[in-house]
Amino acid sequence: MTGEERRDPLASRPPRTARPADDRAESEERPPGLLRRRKLLGRGFLVAMALLLTINVAAAVRERGGEVAAATFGMVTDGLRRVVQALPGASEVRVYRAGPVRWLANRVLGPVRIGLQVGHLDAGSQPDELAALRYSTGGHHAGLDEVSVNVAIVDALAARLRGRGAVVDVLPATVPPRYRADLVISVHLDSNPDTARSGYKSAHFWPARNPREPQLKLMIDRAVLKATRMSDDDANVSGNMFEYYAFNDRRFEHAVDRGTPALLVELGYLSNPADRRVLETPDTLATALEDGIVKYLISMGRVPAKW
Ligand SMILES: [Zn+2]
């Protein structure tokens, strides 16, 4: 598989097929534009009703106050998120341009939730299904080990995102079963006996588990490559990255839910002197990742442009 194909997975989508012949007779009776408008109106009406109902229920429940209310609100919005994802057309990246609809949807979804995985953290505690990874403790090179740098970058990034009002979950090597959030970033670093190897690379599961993953990758790649001036090491993306265990929800229970866009980043080589200078200032990388995350959320209409 070439890097070219990887970078533009949406381009390989087959063209829309023509209507079957027997369907044509019916559609000729009415103008196709009218049918489409009716279908859209119907769908919009259903979504609006569901949103209003949820807001009413949530408001009523909230009045009672307490943790029960919060839990119920979470369950309702979670349920609604699943309904919206199951709607026909949800397999496409859809950004609601109409201000009020977007505002309402974001209100229902609540604060932005972001999962940040510290690569290899507490690997020894992996569950039985991931027992083979208990000794996957990350790269080491000349006194610096991957986990401690991963921790520093994730801590700096989490503080920045919390400062913006996001809910951030810092996750170890084992993610909670079917973990759900607005997005997940798994932070890793590379190391190689060849100290000339350098650069940044990233991968979502292949094939992408949802249409938001390529969008997330694009935004994060741009931000990191621009801020760090690292080279693009995309040619070295490995099979292990494409089938990252924490995103492999078909195989493992402890994996990010397939509706949640998830990206694995390798933020340079511990073994390369130039990359190492960047890695020793974790805030540079945290700022770059923050920039990519914000741009992604804005592009999805999840947060306002000035978030
Ligand atoms: Zn790693």
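**The sheet and its helices**

Modeller: Happy to. In the protein chain, residues 24 or more positions apart account for 78% of the contacts with a separation of 6 or more. Please keep in mind that this is a predicted model. The protein chain has 10 helices and 7 strands, and buried residues make up 31% of its 307 residues.

Let us begin with the sheet. It is an open one, built from 5 strands in the order S4-S1-S5-S7-S6, and its pairing is mixed. Strand S4 (167-171) and strand S6 (201-203) stand at the edges; each has a single partner strand, so one side of each is left without a neighbour in the sheet. From one strand to the next, the twist averages 20 degrees. As a reminder, strands of a sheet pair through backbone hydrogen bonds, in either a parallel or an antiparallel manner. Here strand S1 (residues 113-118) pairs with S4 in the parallel sense, over 5 bridges. Within that pairing, Gly 115 stands opposite Asp 169 in S4.

Helix H7 (residues 212-228) lies across strand S5 (183-190), S6 and strand S7 (262-269), and runs at about 25 degrees to S7. In the loop between H7 and helix H8 (239-242) you will find Val 237. This residue is partly exposed, because 18 other C-beta atoms lie within 10 Å, and a residue counts as buried only at 20 or more. Val 237 touches Lys 201, Ala 203 and Phe 242, leaving aside residues up to four places away in sequence. Val 237 and Lys 201 are 36 residues apart along the chain, yet their C-alpha atoms are separated by 6.8 Å.

Finally, a pair of helices. Two packed helices are described by the angle between their axes and the distance between the axes. The axes of helix H6 (residues 146-163) and helix H10 (residues 282-299) come within 8 Å and cross at roughly 50 degrees. H6 and H10 are therefore oblique to each other, and H6 passes H10 in a right-handed crossing. On the H6 side, the contact is made by Val 149, Ala 152, Ile 153, Ala 156, Leu 157, Arg 160 and Leu 161. These meet Pro 282, Asp 283, Leu 285, Ala 286, Leu 289, Glu 290 and Ile 293 in H10. The residues of this contact divide into 11 nonpolar, no polar and 3 charged.

Terms used
Residues numbered from 1 in each chain as written. Predicted model: local features only at pLDDT ≥ 70, side-chain atom pairs only at ≥ 80, totals over all residues. Pairing = 2+ DSSP bridges. Helix = DSSP H or I, 4+ residues; strand = E, 2+ residues; numbered from the N terminus. Axes fitted to C-alpha atoms, helices over the stretch in contact; angles between N-to-C directions. Contact = placed C-beta atoms within 7 Å. Parallel < 35°, antiparallel > 145°, perpendicular 65-115°, else oblique. Left-handed = near helix turned anticlockwise from the far one by under 90°. Nonpolar A, V, L, I, M, F, W, Y, C, P; charged D, E, K, R; others polar. Buried ≥ 20, exposed ≤ 12 C-beta atoms within 10 Å, placed from the backbone.
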